[in-house]
Amino acid sequence: MHRQPEHVMTFLLAEMGTSGSLDGQQRIVVKGRFAPKNFEGILRRYVNEYVICNGCKSPDTILSKENRLFFLRCEKCGSGRSVAQIKAGFIARVGRRKAGT
Ligand SMILES: [Zn+2]
């Protein structure tokens, strides 16, 4: 699953309504206590929404940002679709590291 850890994290945090960060190994560190089961359910939703191709069900897709919209393109069948943007607010927190550039 070649997806940006930041994007996965943004989705996780938005869904759980909490805050967190990525550590040096690109692992997601979440504040508060959450059962692994919660993560699984949310990750599954993430995969369905942002990874799996609607046409051929392939996970070989590329997520790109075009004109402020996230666009999912399938590498297998070539079909594409726009995907919902993750709730704002958390994005600002994640993007802070790059704010100065
Ligand atoms: Zn496809």
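Where is R68 in this structure? Keep that question in mind as you start. The model is predicted.

**Stop 1: R68**

Select R68. The residue sits in the loop between β3 and β4, a strand that covers 69–74. Now check the backbone. Phi of R68 is near 65°. That is a positive value in a residue other than glycine. Is R68 buried or exposed? Its relative accessibility is 72%, so R68 counts as exposed.

**Stop 2: K57**

Next, select K57. This residue lies in the loop between α2 (36–50) and β3 (61–66). Phi of K57 is near 65°, again positive in a residue that is not glycine. Show the surface here. K57 has a relative accessible area of 58%. The cut-off for exposed is over 50%, so K57 is exposed.

**Stop 3: the zinc ion**

Select the zinc ion. Which protein atoms are its donors? Pick the SG atoms of C53, C56, C74 and C77. They lie 2.3 Å from the zinc ion. Along the chain, the donors follow the spacing C-x2-C-x17-C-x2-C.

Try the angles next. The 4 donor atoms subtend angles of 106 to 115° around the zinc ion, and therefore the arrangement is tetrahedral. For comparison, the ideal angle for four tetrahedral donors is 109.5 degrees.

C74 is buried, with a relative accessible area of 2%. C77 is partly exposed, at 43%.

**Stop 4: the sheet**

Now select β3, β4 and β5. They form an open sheet of 3 strands in the order β3-β4-β5, with antiparallel pairing. Which strands stand at the edges? They are β3 and β5 (80–83). Each has a single partner strand, so one side of each is left without a neighbour in the sheet. Turn the view to follow the twist, which averages 30° from one strand to the next.

Zoom in on β4 and β5. How many bridges join this pair? The two strands pair in the antiparallel sense over 4 bridges. Select L72 and look across to β5: R81 stands opposite.

**Stop 5: the helix across the sheet**

What does α2 lie across? The helix lies across β3, β4 and β5. Compare its direction with that of β5: α2 runs at about 130° to this strand.

How values were computed
Residues numbered from 1 in each chain as written. Predicted model: local features only at pLDDT ≥ 70, side-chain atom pairs only at ≥ 80, totals over all residues. Heavy atoms only, no water. Buried < 20%, exposed > 50% of the residue type's maximum accessible area, 1.4 Å probe, protein only. Donors = N, O, S within 2.8 Å, 3.2 Å for Na, K, Ca; no water. Tetrahedral: all angles 85-135°; square planar, octahedral: opposite > 155°, others 65-115°. Pairing = 2+ DSSP bridges. Axes fitted to C-alpha atoms, helices over the stretch in contact; angles between N-to-C directions. Contact = heavy atoms within 4.5 Å.
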